[in-house]
Amino acid sequence: MSAEVRSVRDFGHLQEAAEAVNQRIAAVRSGAADKIKASAGLILTRKTEGGETEVLMGRLNKLNRPNPKDEAGVHNSYGLFSGGVELKDSESEIPAVFTATAREVEEESLGALSQEKVLDLLSLSTTKLIKNAGWKHFTAASFHTTISSEESEKIVRTFNSIIGNHQQHEITSLVWVSLKQVLEAQAGKDERYNGLKSQLEAARGKPFSADELRDNKKLGKIYN
C-alpha cells in the first residue's frame, strides 16, 4: 500500500480513544504515573449466510510458554485480540491507541492480520469504539468492525497454516464463535458472579469496595 493511500486514513470517529490513551501516556512522561494504564484491541465480527453474527476469538495459551503464568486461570479459554499500550506506540505519527491495536493484532494473529490491514479497518467510518465500564481506573479501548465472509475465512486459514511452527505462541487457534453463545455464556457468568458476591457480602456484613472486588480470588476466578 502506498504512502499516499495510507495518508488518507481518518480516525476522527475514534478520537475519544486517542485522547484518553494520550492522557495516560502523558501521565507516565510527567511522572504522575509509573505505567500506562491503557490497553487496546480489535473485535472482528461477520455475518453467516443465515444472518447470525459470529465473533473471531483465539484460544489462549498461558502455560506452554517460555515463562508459564496463569494467575487468572484462563489457559485454553477464548479471548479477543488485545494488549497493553506501550510508550513506543506513541513514537508514530498515528495516535498511540491505533498503533498499539495494530501491533497487538499483528503479533497475536502471527501476521494473518497485518498492521496496515488493521489500520485500514480502524479508519473505516463504520468501525465503532467499545469502552469498558467507566475508564476511571483503566482505559481499555476496543474497536469493533465487521468483515466479509471471504476475509474472515482467509484470516483463520492463514493463521492455521502458520501456527504449527509457533508451538509456544500466546494463541493456539482462531475460531469464529456465535455471538449468541458468547452472550449466553456471559449472562451465566454474571449470574454466578453476582450470586457469590451477595453471599460473601452477607457473610462479612458489608459490601465490598472496588479494590476488594478486584482482589477477591473467588470472584476473580469467575470474572476472568
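I start just after H2, where glycine 31 takes a positive phi of about 90 degrees.

Some ground rules. This is a predicted model, in which local features need pLDDT of at least 70 and side-chain atom pairs count only at pLDDT 80 or more, while totals for chains, interfaces and linings use all residues. Residues are numbered from 1 along each chain as its sequence is written, and side-chain values use heavy atoms, with hydrogens and water left out.

On confidence: pLDDT is the predictor's confidence in each residue, from 0 to 100. The protein averages 93, and 97% of the residues score at least 70. The lowest confidence is in helix H1, residues 3-7, with a mean of 47, and the highest is in H3, at 98. Over residues 1-6 the pLDDT stays under 50, and the model has 4 contacts there beyond four places in sequence. Contact means heavy atoms within 4.5 Å.

Back to H2. Which residues of H2 are buried? They are Ala17, Ala18, Ala20, Val21, Arg24, Ile25 and Val28. Buried means under 20% relative accessible area, exposed over 50%, and partly exposed in between, with a 1.4 Å probe and protein chains only. Those H2 residues pack against strand E1 (38-47), helix H3 (96-108), strand E5 (128-131) and strand E6 (139-146).

Now the strands. Two strands pair if DSSP finds at least two bridges between them. E1 and E6 run parallel and are joined by 8 bridges; isoleucine 43 stands opposite histidine 144 in E6. E5 and E6 run antiparallel, with 4 bridges, and lysine 131 stands opposite alanine 141 in E6.

Helix H4, residues 115-123, also has buried residues: Val118, Leu119, Leu121, Leu122 and Ser123. Their cover includes E1, H3 and E6.

Next, the aromatics. The whole structure holds 3 aromatic pairs. One is phenylalanine 98 with phenylalanine 143, a tilted pair at 5.6 Å centre to centre and 50 degrees between the planes. The pair links distant parts of the chain, 45 residues apart, with phenylalanine 98 in helix H3 and phenylalanine 143 in strand E6. Rings of Phe, Tyr and Trp (its six-membered ring) pair if their centres lie within 6.5 Å; planes under 30 degrees apart count as stacked, over 60 as edge-to-face and the rest as tilted. Why does phenylalanine 98 count as buried? Because its relative accessibility is 0%. Phenylalanine 143 counts as buried too, because its relative accessibility is 0%. Ring pairs link Phe11, Phe98 and Phe143 into a cluster.

Two lysines sit over rings. Lysine 131 lies over the face of tryptophan 135, 4.6 Å from the ring centre. The charged end of lysine 189 sits over the ring of tyrosine 223, 5.1 Å from its centre. The criterion is NZ of Lys or CZ of Arg within 6 Å of the ring centre and within 35 degrees of the ring normal.

Last, isoleucine 222, in helix H8, residues 217-223. Leaving aside neighbours within four places in sequence, isoleucine 222 contacts Lys189, Arg192, Tyr193 and Leu196.

Definitions and conventions
Helix = DSSP H or I, 4+ residues; strand = E, 2+ residues; numbered from the N terminus.
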